[in-house]
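Good morning. I will go through one structure today, and I will give the cut-offs as the terms come up.

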Amino acid sequence: MEKNYVSHLECSITGKKYEANKIHGLSDAGRPLLVRYDLQNLKKEISRDDITNSKVDGLWRYSPLLPVSDPKNRITLGETITPLIKLNRTVNYSSNDKGVVLVKDEGRLPTGSFKARGLCLAVSMAKQFKLKHLAIPTNGNAGAAMAAYATNAGIKSTVFCPGDTPEINVKEIQSLGAETFLVNGLINDCGKIVGEGKEKVGWFDVSTLKEPYRIEGKKTMGLELAEQLNWELPDVIFYPTGGGTGLIGMWKAFLELKELGWINGKLPKMIAVQATGCAPIVKAWENGDEHAPLWENAYTKAAGIRVPIAVGDFLIIRAVRESRGFAISVSDEEIFEARDRVASNDGCFLCPEGAATMTAYERALSSNLISKDDKVVLFNCATGLKYPLPEVSNKIDKNNEIDYKIFINYPSL
Ligand SMILES: *Cc1c(COP(=O)(O)O)cnc(C)c1O
C-alpha cells in the first residue's frame, strides 16, 4: 500500500459526506459523488517537483491526487502524456498576436479516446473493490475503454449501445471482450437498462457520473495540461460536452491544484461546446438555469456529444459560470467542414467532437467572446480514424498511358 490522501466522498448537491473505502454509486440525493482529498497533508508531504520528477509515464504519475491506494490495482494499457499540437496554418496568426491555439490530442490514448482516462480509474477502483461484473451505456468510446480495462483486469463487462452507433465502435467493443448489445434507442435508453439490471443481474453501473471515479480519471487531463504548460494554465479551454465528465473533472483538477498552490496565475475560462441538434447545456446556460431537461429528438453525427440529458448538468454549468466561460453550439455541417479543413491544412486529424471545438473557437473569436491574445486549448477527444471519412474517387488505370501533366496542378486541370 502506498500513502493515499482520499479523505471522503461528498454529494455534489447536498455536501453530505460518505465513507471513502466503500462501494458507491450516486448519492442519496441521486447526484454524483465527488472524491475529496486531504490536500493540506498532501501539500506537506509532496511537492510539484516530485510529480515533475516522477519516472511514471502517463496518468499514474498523478497517483497522490488519485484514489487507487494499492499500486497492484492500478491497471495500465500504456496511457501516454498526450501531446499539445500547435495549429500553424488553420489559425491565422499575425505578428503582434500573443495568443496561440493548441490541440490536446487525446486520440493517442488506449482505445483511441480520452474515455480511457475515466475508465482506467473506474475499473482500477472496481478491481480494488473486487467487483466482478461491470455494465455501461455508451455511444461507442466509453464502452470500448471499459471493455479494454475490464478485460485486462479479468472483470466481466456488458455494454449497451444505441442501434445506430458506428459499426467500428460496436465491433471494437465486442472484440475487446465485452458482451455487446444494440438497443433501438439513445444512450439514456441504454442507461435505463443498465440501471434496472443492477438488482436483477448484480452488475455495477459504470455510467457517466453514476460512480465517483471516472471524474478522477478525467481530472488527469487538467493535471497533465498544467504540468505540460509549466504550471501555467491556458486562458481558454474549449471542451466538447456530452455528459460533461471531462469539463467537471478538469475544473476539479484546477481547484485542487490552486488549493495546493501548484499553479501560477489565473484559471482558464471553460467553454462547453455542443452540437445544435443536441444542446441541452447550451440552452440551460442561455436561460440562466441550473439544470438542463431532456433534449427531445437529439441528433448529431458527433456521437460523443449526443447526450440528451446529463446527471451532472448543474456541475457543468457551475464550472462554466465559476470560470467566467460560456456554452456554445455548432452545427454538424460546420463540424465536418472544420474537421476536413484542419486535417488538410495542419495534418491534424480531429474527430467530429474535436472539430466542434475548432468551429466554436472561430465563432467565439469573431463574436469577440475571446481574443487573438488568448492562449487557447482545444480538446480533440478521440482519433479521427474511428469515424466515417469522405470517399476517395480519383482513379488511375494502370493499363492506360498516364498523362503525368495532370498531377502538376491537380485538380485544376
Ligand atoms: C465522451 C465523449 C465526449 C464527451 O465527453 P464528456 O466528458 O462525457 O462530456 C466528447 N467526445 C468524444 C469523442 C467522446 O467519446
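I start with a definition: a residue is buried under 20% relative accessible area, exposed over 50%, and partly exposed in between, with a 1.4 Å probe and protein chains only. By that rule leucine 385 is exposed, because its relative accessible area is 61%.

This is a predicted model, so local features need pLDDT of at least 70 and side-chain atom pairs count only at pLDDT 80 or more, while totals for chains, interfaces and linings use all residues. Residues are numbered from 1 along each chain as its sequence is written, and side-chain values use heavy atoms, with hydrogens and water left out.

Back to leucine 385. Its place is in the segment after β13 (375-380). Strands (E, at least two residues) and helices (H or I, at least four) are DSSP runs, numbered from the N terminus. Together with Phe349 and Leu389, Leu385 makes a nonpolar surface patch of about 280 Å². Patch residues have over 30% relative accessible area and no salt bridge; nonpolar side chains (Val, Leu, Ile, Met, Phe, Trp, Tyr) are joined within 5 Å, like charges within 9 Å. A salt bridge is a side-chain nitrogen of Lys or Arg within 4 Å of a carboxyl oxygen of Asp or Glu. The areas come from the Shrake-Rupley method with a 1.4 Å probe, and for residues only the protein chains shown count as cover.

Now a covered element. In helix α10 (residues 313-322), 7 of the 10 residues are buried, among them Phe314, Leu315 and Ile316. The buried residues of α10 pack against α8 (245-260), β11 (269-275), α9 (280-287) and β12 (326-330), where contact means heavy atoms within 4.5 Å. Just after α10, arginine 324 has a positive phi of about 60°.

Next, the sheets. Two strands pair if DSSP finds at least two bridges between them. An open sheet of 6 strands runs in the order β4-β5-β13-β10-β11-β12, with mixed pairing. Its edge strands, β4 (84-86) and β12, each pair on one side only. β11 and β12 are parallel, over 5 bridges, and alanine 275 has valine 330 in β12 as its bridge partner.

What is the order of the open sheet of 3 strands? The order is β2-β1-β3, with antiparallel pairing. β2 (17-18) and β3 (33-37) each have a single partner strand, so one side of each is left without a neighbour in the sheet. Between β1 (residues 6-11) and β2 there are 2 bridges; glutamate 10 is partnered by lysine 17.
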